[in-house]
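User: Please take me through the assignments made for this structure, with the criterion behind each one.

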Amino acid sequence: MNNLVFSTQTIVRRCLLGVNSVRNYATPKPGGALGSKKKKLGKLGPVVEKKVIPVETDANKLVNYVCGSNLLKTGEDIKLKPDSEYPDWLWSLHVGKPLTLEELDPDTKAYWRKLRRLALQRNNKLAKLKKF
């Protein structure tokens with residue numbers, strides 16, 4: 001029994017003094033946690049430089065072509081057609097700021113979608129105010 005107590009005391013002393021600390025598996029590698037990589041990393045990976053697209057200043061091209069519509073390296077932008085070749089509904093689209101609920105007609109789907117969206121926003125704000 002004394003042998004067992006003595007050996008336990010010896011093991012505890014050695015652990016406290018660091019004599020038995022042979023395992024170095026938790027020590028950091030030289031060069032940091034990422035090794036010897038020297039690439040600059042952002043939150044989501046390597047930082048990519050943004051391409052600077054030149055701004056078109058030719059007035060004739062701005063009036064007659066849809067600038068930026070060509071995705072390929074070769075080719076040209078789409079040429080605009082006369083207004084008579086486009087559908088009539090295109091000219092009646094609402095392109096200003098969004099209409100309020102009072103300005104919409106209650107018989108349309110857009111009215112009910114907006115009403116539902118506003119109700120969801122209101123409920124979410126009220127849910128934030130609850131303590132539990």
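Analyst: The largest pocket is lined by 14 residues, among which K61, C67, G68, N70 and D77 lie nearest its centre. The model is predicted, so local features need pLDDT of at least 70 and side-chain atom pairs count only at pLDDT 80 or more, while totals for chains, interfaces and linings use all residues. Residues are numbered from 1 along each chain as its sequence is written, and side-chain values use heavy atoms, with hydrogens and water left out.

User: What makes a set of points a pocket, and what volume does the largest pocket have?

Analyst: On a 1 Å grid over the protein atoms alone, a pocket is an open set with protein on both sides within 12 Å along at least five of seven lines, whereas a cavity is a set of points where a 1.4 Å probe fits but cannot get out; lining residues have an atom within 4 Å of a point. The largest pocket has a volume of about 430 Å³, a volume being the space filled by probe spheres set on the points, which are joined across faces, edges and corners.

User: How do the lining residues divide by class?

Analyst: The lining of the largest pocket has six nonpolar, three polar and five charged residues. Ala, Val, Leu, Ile, Met, Phe, Trp, Tyr, Cys and Pro count as nonpolar, Asp, Glu, Lys and Arg as charged, and the others, Gly among them, as polar.

User: Why is the pairing of E56 and K61 called a salt bridge?

Analyst: A salt bridge requires a side-chain nitrogen of Lys or Arg within 4 Å of a carboxyl oxygen of Asp or Glu. The side chains of E56 and K61 meet at 4.0 Å, N to O, and therefore qualify. The structure holds one salt bridge.

User: Why are E56 and K61 described as partly exposed?

Analyst: Buried means under 20% relative accessible area and exposed over 50%, with partly exposed in between (1.4 Å probe, protein chains only). E56 is at 33% and K61 at 30%, so both count as partly exposed.
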